[in-house]
Amino acid sequence: RLELAALFTTPQPLEIELGCGDASFLVEYARRHPERNFIGVERLLGRIRKLDRKGRRAGLANLRGVRIESGYFLEWLLPAHAATALHVYFPDPWPKLKHRRHRLLNARFPDLARAALAPGGVVYLRTDDADYFAQMQEVFAAAKEFNPVPTPPELAALRTDFEAEFTARGIATLR
């Protein structure tokens with residue numbers, strides 16, 4: 001398990017973005033909230049390098065990146081009940097039927113989220129894929145410990161790189 005005290009100089013609430021992409025959302029969110037710590041999880045090395053470069057340029061001591069699969073990170077690396085929020089924005093929808101087993105948000109995800117989140121913790125979801133969004137809602141509806149909550153306006157106003165691209169093409173964001 002990660003030793004969060006070794007990662008962050010100041011102990012404070014932790015939020016995690018699973019699949020942080022080019023880190024545009026997470027860097028800006030961390031800049032606006034120095035009273036929180038943030039970890040961006042990403043499988044691709046180039047994206048983790050972007051997160052690191054942007055975070056260093058912004059002088060953010062409250063931001064770290066981990067290069068690994070998101071599910072593995074939640075199950076094996078994150079200490080239990082360490083996060084106050086999980087952000088999952090525009091995960092790969094794996095649209096082909098035979099590939100859907102690769103989706104991050106599956107029947108097992110609520111158990112991983114429950115173990116990762118502190119009491120009262122929140123999972124924020126965004127996607128452009130209506131089928132995947134329906135699956136997300138179905139998965140969390142089956143997990144009675146979770147209740148739907150609206151995305152706070154301040155959070156909704158911060159767009160990811162994918163969201164900006166989709167919005168420019170007229171594709172709606174589902175939250």
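On a 1 Å grid over the protein atoms alone, a pocket is an open set of points where a 1.4 Å probe fits, with protein on both sides within 12 Å along at least five of seven lines, and its lining residues have an atom within 4 Å of a point. The model is predicted, so local features need pLDDT of at least 70 and side-chain atom pairs pLDDT 80 or more, while totals for chains, interfaces and linings use all residues. Residues are numbered from 1 along each chain as its sequence is written, and side-chain values use heavy atoms, without hydrogens and water.

- Of the 24 residues that line the second largest pocket, V123, F146, N147, P148 and V149 are the closest to its centre.
- The largest pocket holds about 740 Å³ of space, and among its 29 lining residues E69, P91, D92, W94 and L104 lie nearest its centre.

**Aromatic rings**

- Rings of Phe, Tyr and Trp (its six-membered ring) pair if their centres lie within 6.5 Å, with planes under 30 degrees apart counted as stacked, over 60 as edge-to-face and the rest as tilted; the count comes to eight aromatic pairs.
- F140 and F146 form an edge-to-face pair, because their ring centres are 5.0 Å apart and their planes stand at 80°.
- One aromatic cluster is formed by F25, Y29, F38 and Y89.

Definitions and conventions. Grid points are joined across faces, edges and corners, and a volume is the space filled by probe spheres set on the points.
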